[in-house]
Amino acid sequence: MTRILGLAVAAVAVLFATMQPAPGPPVPAVEAISRAEAPTVGASHFAHCPWSRSDSLRNSSYSVMGEGPTGFDLSFLEGGEVEDRVSGRIDTDTAARVENPRPVGASSAMVEFSTSVGSVGVVTVGEGLLAGDLCSGGIPDSWHLPGGSTLEGESLVLRLFNPFTADARVDLWAFSELGIEAGETLEGLTVPARRTRVVALEEILPRRESLSIIVRPVAGSVIPVMLLDTGADVAVWPGTGAGDGWEFPAAGAVGLRSDLVLTNEASIPVNFLIEAFDESGAQLPTQVGRIEGPGQVRVSLEGLSSSGFGVRVTGDGPFGAAVVARSETGIAATVGAQTTATGWLVPGPGVVPSGSRLRLLNAGVTELTATYRTLTPEGRTRANVIEIPPNSVRTVHIAASEVAGLRVTARGPLTVGWLATVSGRAMFSGAIPSG
Amino acid sequence: MITTVLGVALVLVLTRSIIAEGLPATGYLLPLAESAWDTLRAYAGGWHPGGLGSPEPMHPSVGATAAIQLLLGGRGGAAGILTVGAVAAGVAGMVALIRRLGLSRGACLVAGTVFVAGFPVLWLGAEGYWPGLLALGGLPWSLAGVVGRDPENVRGWTGRLARVGLATAASAVFVPLSIVIPALFGLVWASVTRRGCPLVVGAAGSVLALPVLMPWLSGRGVAGVLGSGAPFHPDPSWWAAVPLLVAGTAAMVVARGRPVSVAVTGAVIGSVGFFVARAGSMGAGQETTVAGLIATAAGAALVVAGALDAPASLGIDVSLPRTAAAYAAMVAAIVVGVTSLIAAPAGRMGLPDDRFGAFAFASSRAESHGPDRVLLTGPPETLPGQHRLLPDGTPYRLIGGVLDYPQAWLPEARLGDAALEETLVGLIAGQELRPGELLARFGIRWVAATGPSPIADAMSAQLDMRPLAGLFVGESGGVWENDVPAYRAMTDRGVAWSWVAPDYEGRQAGGSVRIAENADHRWGPGAWQQDGWANRVPTEAGVATFGGVGSYRFQARAAGVVVILLAGLSLVRARREAGDGPA
């Protein structure tokens, strides 16, 4: 009897023991955001500006905006050290403008906000150039920089800014009309801590009509920016992460021939659809296509509209996108907005002496009422209201030179950008979703 | 005599690397604290040094190891003696138990081997769960007391119960829930032998040992003890499990007399223990599953002993199949015994290589006030002792510069731990460019990654923590040093105070000192102020101390008195009952 009972107890216990699954991993209490998943498009507590330029003929201005009142520190790094530091404060409904204090040459800088998130834009104006765009707030796993070229007489430079304490090592994936470009010079580039490395792509990959770069960090982190110098003008645009859809409120302007360049770093092709929107609200022709994986595609936007227009491109997988627009004398480029929002921070429009054009894109099906408020360092604000019909863009001229930024709010989702032209030279810039 | 010689040889073979080279630092096997007396002060109602500190009582094994360290002196030596002593006591105790159960010398020795080196203990060793190894020393003596001959008078009963209680305490102080094993064993043995006495003695031993779990048990509560901590989930290889199953089943079916009683008892204890050890998915915590593993080890040893003596128990009027089955049980038991020697070549009870020696950088790079805190992150198996998890599952823990055993267990998270978690979540999300500035508030001077971790990834994009090139504490890891002064205790004037566990010391001056420990009003001396999640006390005394929790202090002292009392009573009766034989 004892044997049977013992056997039964032991058998049942062993049976149940062997049926027990291993305890599962702890269930997260809340859904956390990892660095790789963190949005790189919104306002943040810091911004990295890998390029500005100042000399006797050119000047760069940093436009600094905050979601709320905040202090900021703008540090210029050179030779591994902070060479200059400018501190300031932004109160409610103000935006700051800081002139580049560095005497000569290109600079890399970073901005840290103390209490509120914010955004920064850089505009460089002077002889032979009008260029600028947003500074980068987030750091994606890899950076897409579509839209370059190294034709005769052009200079294409990739600036890799490493403001951090650890050396970074990156691989560059280059795509041109020849396909994937290979070369030892594109692999294992070291960017020492607190320094900027300049990669002259026109020397490494000369005479490419369309050249896109993807920066993939192997160790550490960098913030890249692309500079395309045609001799008559310079375009600068930041790197971005990949996204499933992009909106470009400022994709085209009268007198400029625009191209949309898309990059895919995955091995699976991405099918895309391009929709265009102009002031008329009319149905413009759509374009579909496919980005081979990995690879790039350059789509001409010429002839879409006789006026200024914006575009939306959506894909069935993540991809990078940039618009590059040219004229005989000017070149402009920008990256798109990865998301729509009801609030936007627009740093920089007042810097350009001849004025700027704020571009608002409503790709939705209902009319929107948007309020744009100009902000100055002194706190003088002026608010205006504009109606944006569905499937259309609206352009607003901003002429006041004291304006350091704009805050746009709307009753529905939209995207915002701006553009400027001076003496035939041109620039496009994006904005940062807020709120 | 032969048994003794073989037993000593077995212990020497199993522990020769520990004897020759000392213990590695791995898992919960951490160096004992520098001052045993100060550890005992902290244990008795003082400040728990784990994480950002707590008034919560420490694990009983911290008090026990400190007390033994105080008696033996030295740190590494005491830990080594304790480990080898526990293994030796485990073998000797199992030999005594099996002998008292009336089985052969061979059964005694093989059972001793299986108990201290079988798969449950090897599993604990591989996990670096040092207290599990230390618990081996007391348990078999406790079980031997349960099956001993019943005394004839009150003095005899007193001594026997004291010995069982003391042996149970010696096991429970390291694996607290092993306290129930003598009672369970008594119940099963009483059922098998149809005597009520073993149940009473086993239960009495468990009850008498209960005070040694104080104040830890009263601080955490029974429910907290049963379910807290990352559970183990032993998964024995087929070559360990199949012979044991064959030996147990065959012995239970065909053996006779004492061998079958022993085999049945072992099978029930071992199988129930195995079920408990794998009950993590049912909510069992670390302490519960460890106790299950210890019970499995004891059960396996009893099964093997019974199976080895199965042929001898049959006599001559037995059928051939039954005889064959008994010999099969014996062979299977021998296989179990032989496979238990798998850890013998390494000679360190299955403990892994030293993992934490590299953490010595904290001492070598410390400033004059001593090492500040290190934030460790990496895969769980590469972190010392317990760890916490961020909401995304990232493991991390703090160590206070010099890694020692009292820090192995982490107390319940308090205000400061929540603030640290929030900081780390922001860091991972890429929202912090200057983590050094934020971590300095916690006294964290270094971030060390013992392997891949989102925290380590985030360190690639920040401005105020310098990577220490060439210093690695694990594969794919790294160490970053804070550029911002990061002191555990700092005065208003920015002067660092030293952590001299469990107190802080520094220069006497006016003003106050911020103590980066979880806020508790018992910090002093003088007027205490809460500074966010931390403490602020006057600097006049040149020392900051935790006043202590009176009830915990009383319980700890009472536990010490009970142990001394049990030891005294055991010694007295041991002389009078030296002739104890099998029951």
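A salt bridge is a side-chain nitrogen of Lys or Arg within 4 Å of a carboxyl oxygen of Asp or Glu. By that rule, three salt bridges cross the interface of domain 2 of chain B and domain 3 of chain B. The model is predicted. This briefing looks at how these two domains meet.

**The domains**
- Chain B is divided into domain 1 (32-352 + 557-576), domain 2 (357-482) and domain 3 (489-546).
- Between the C-alpha centres of domain 2 of chain B and domain 3 of chain B the distance is 23 Å.
- Domain 2 of chain B gives 10 residues to the contact, and domain 3 of chain B gives 15 residues.

**Buried area**
- Together, domain 2 of chain B and domain 3 of chain B bury about 940 Å².
- Carbon and sulfur atoms carry 45% of that area.
- On the side of domain 2 of chain B, 51% of the area buried against domain 3 of chain B comes from B:H369, B:R373 and B:R441.

**Polar links**
- B:R441 also forms a salt bridge with B:D531, through their side chains (4.0 Å, N to O).
- Six residue pairs are in polar contact between domain 2 of chain B and domain 3 of chain B, both residues at pLDDT 80 or more.

**The side of domain 2**
- Helix α19 (residues 415-428) of chain B supplies four residues to the side of domain 2 of chain B that touches domain 3 of chain B, the largest share.
- By class, that side of domain 2 of chain B has three nonpolar, three polar and four charged residues.

Key. Residues are numbered from 1 along each chain as its sequence is written. Chains are lettered from A and ligands numbered from 1 in the order in which they are written. This is a predicted model: local features need pLDDT of at least 70, side-chain atom pairs count only at pLDDT 80 or more; totals for chains, interfaces and linings use all residues. Side-chain values use heavy atoms; hydrogens and water are left out. Domain bounds come from an automatic or database domain assignment. Contact means heavy atoms within 4.5 Å. Buried area is the accessible area (1.4 Å probe) that two parts lose on being put together, summed over both. A polar contact is a pair of N or O atoms within 3.5 Å; within protein, one must be able to donate a hydrogen and the other to accept it, and residues adjacent in sequence count only if both atoms are side-chain atoms. Helices (H or I, at least four residues) and strands (E, at least two) are DSSP runs, numbered from the N terminus. Ala, Val, Leu, Ile, Met, Phe, Trp, Tyr, Cys and Pro count as nonpolar, Asp, Glu, Lys and Arg as charged, and the others, Gly among them, as polar.
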